[in-house]
Amino acid sequence: MLNADALKQLTQLKTDIRSTKEFAEGRVRGSNGKFGFVVLDDGREAFLAPAEMDRVFPGDRVRVSLTEEEQGKLSAELDALVESDLKYLVGEYIQRGQGHFVQPREHGLSRWIFLPPKARGKAQPGEFIACTIARHPFKDGKAQAKVEGVIGKPDMAGIEHAFTVAQYRLPARFSQAAIEQAANLPAQLESVCAERKDLSDLGFVTIDAETTRDMDDALAVTKTDSGWKLHIAVADPSSVIEPDSALDKEARTRANSVYLTGETLPMLPNNLCENGFSLLAGELRPALVMHIEVGDDGALNGFEYEFAAIRSQHKLSYEQVARYVDGDSTAVPEGQHESLRLLDDLSKARAAYRAGHSLIMEDRPDYELILNEQRKVERIDKQERNAAQRMVEEAMLATNICAGNKLAELGAGCFSIHLGFRDERMAEIRALLQETLPEYAEQDLHQLDNYLKLVKTLESHSEPEMQNVLSVLKRMLRPGELSHNAAPHLGLGLAHYATVTSPIRKFNDLHNHRVLRAALAGAALPQLDNADALQQRVTTGRQADRALQQWLCCQYLEGQVGQVFSGTITLVNGAGIGVRMDDNGINGFVRFNGKKNPFEFDGKRLTITRGEERFQLDQTVEVKLAAVDTEKRRIALELVQAGAEETAPAAAEQYR
């Protein structure tokens, strides 16, 4: 045994060794192999060997000691687990001999996690399961999980939807209290309407997709001496859903209706979305009604709002209205001809006004995934936007602009804001502008006026270089977000924007109705203190739908390997280009792996070149489907052009 002096000397030696090491904290990042990395707080990356990676999960925050290797590269050894966010995961139940495991489907998590006998519940090998982490592997590399529920078998119809709902923990059921409250509300609507002014004589109609049942807005237009008066009636769930009631809590938890491909997870129970509050033709409904003065030049010259009752005259589809606008007078009831003609004129004036004073979003086609009985993709329909959709869009934009300005004036509400460029990309943006438009390089581009002038200037140039600069800058924008503070929406080029037109689908719209109601009544204005939480739930829903679509699209393309498609470049990085196929809207990646004659990547202009070959954003290319990895949700493409022979083997091999 060591004596006291020897132990003291050993302890001192360990202390001295630690004092000579560099320690740092960061987040673990997984890889396609068994190794990983720690992304340090100062931006550096350190390599984690497989043995170290076995003790952590991707996303864990850890403290590590660092060692500098050859060529200045860093390697890391784990010192302490600071925190682990991974508490829940989904995957496949795997049995190998006497061992039972869950094989996770989380990005970057490639290991199998042990399922002890008492943690398996009624789950069976081969099923998809939802699990919680019962034991973190930091101590000895041995992680354990516990089955919380069975999702289903891989061959179950709709397993992709069920798996995605479980993976993103989307709320799929309402509480019993909310269901009971929802059952009682329709009976109250008649008395609410009886106490309000009936504005049905304005001639409201709904214009939606043919299959839409949750109709939350109706339109009417009248002519004035100076232009038009646009009347927007919006379903009014705030009239009977009280704050902190069971339904309110459910709506707040969901944040919005999640429209997964082939399935809707509504914010409110269907009997309310599709019946009780829906502006069904011939049914009297409570509504927030906004009356907007629109000038001949398309300017918004003022508005008023009230809480009233309306009865929609007709449910019109986009297709019907578009056919009428295109000259088919039989497409809609004769009594709607004049109002729709006025709405068409108004929408064109508004579009022209916005083009001159704000920003117009890019008009892209929609892609509808048509599912079969097994809820897999049967076909993908490409749908160009029609005149009716543009008419409704202009009406909704006008309504939400007016609402945003009013709520900003009141100092309350939930605003849709867009703060422009990502802060971490500003150095690159300024360097690019210094070479192309130096007069903008030092301006504060987070200010609405400066941002508008920059985009308008780039849009006015037809030269390919300037168009590429515009495409690059668009890829450096941060996403829009919800906020309880009024701020500009740079993406739309507006000082304020707050949505009120979908209160049976979006909680922030419901909240804004409550603020407007309180303002009319002279009551205290309700405040929203959870805009960040709402935004996170909205983001989660969008991520879930993208993940589901990617899974379904991979399955759809499995039998089409070798086919050629035209596409548009949507991503450029040092490894290759991302391409969106024009026929189906699906994204894939062309990997450039030619070592003898490599491509050069320009991160400032987002171009990749080799000799005479040059690829940039929004460029049209021909690609061939090289490989599909449905399990990893990856689609490999290869270029169909001279020089593509080097990319073809790499693209095909990357999934083998």
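1. Contacts of L433. In this predicted model, L433 touches P438, Y440, A441, L445, L454 and L473, leaving aside residues up to four places away in sequence.

2. Nonpolar cores. L433 also belongs to the largest nonpolar core, which has 59 residues. It is listed there among the residues with the most contacts inside that core, together with F421, L454, L473, I577, F615 and V623. In soluble globular proteins, nonpolar side chains tend to be buried together.

3. A sheet of three strands. The strands β26, β27 and β28 form an open sheet in that order, and their pairing is antiparallel. At its edges are β26 (600–602) and β28 (613–616), each of which pairs on one side only. From one strand to the next, the twist averages 15°.

4. The pairing of β27 with β28. Strand β27 covers residues 607–610 and pairs with β28 in the antiparallel sense over four bridges. Within this part of the sheet, I608 stands opposite F615 in β28.

5. Where does S84 lie? S84 is in the loop between β5 (74–83) and β6 (88–96). S84 counts as buried because its relative accessibility is 11%, and the cut-off for buried is under 20%. Its side chain makes a polar contact of 2.6 Å with the side chain of D60. Not counting residues up to four places away in sequence, S84 touches F57, D60 and H136.

Conventions. Residues numbered from 1 in each chain as written. Predicted model: local features only at pLDDT ≥ 70, side-chain atom pairs only at ≥ 80, totals over all residues. Heavy atoms only, no water. Pairing = 2+ DSSP bridges. Helix = DSSP H or I, 4+ residues; strand = E, 2+ residues; numbered from the N terminus. Axes fitted to C-alpha atoms, helices over the stretch in contact; angles between N-to-C directions. Buried < 20%, exposed > 50% of the residue type's maximum accessible area, 1.4 Å probe, protein only. Polar contact = N/O pair within 3.5 Å; in protein donor to acceptor, adjacent residues only side chain to side chain. Contact = heavy atoms within 4.5 Å. Core = buried A, V, L, I, M, F, W, Y, C linked by side-chain atoms within 4.5 Å.
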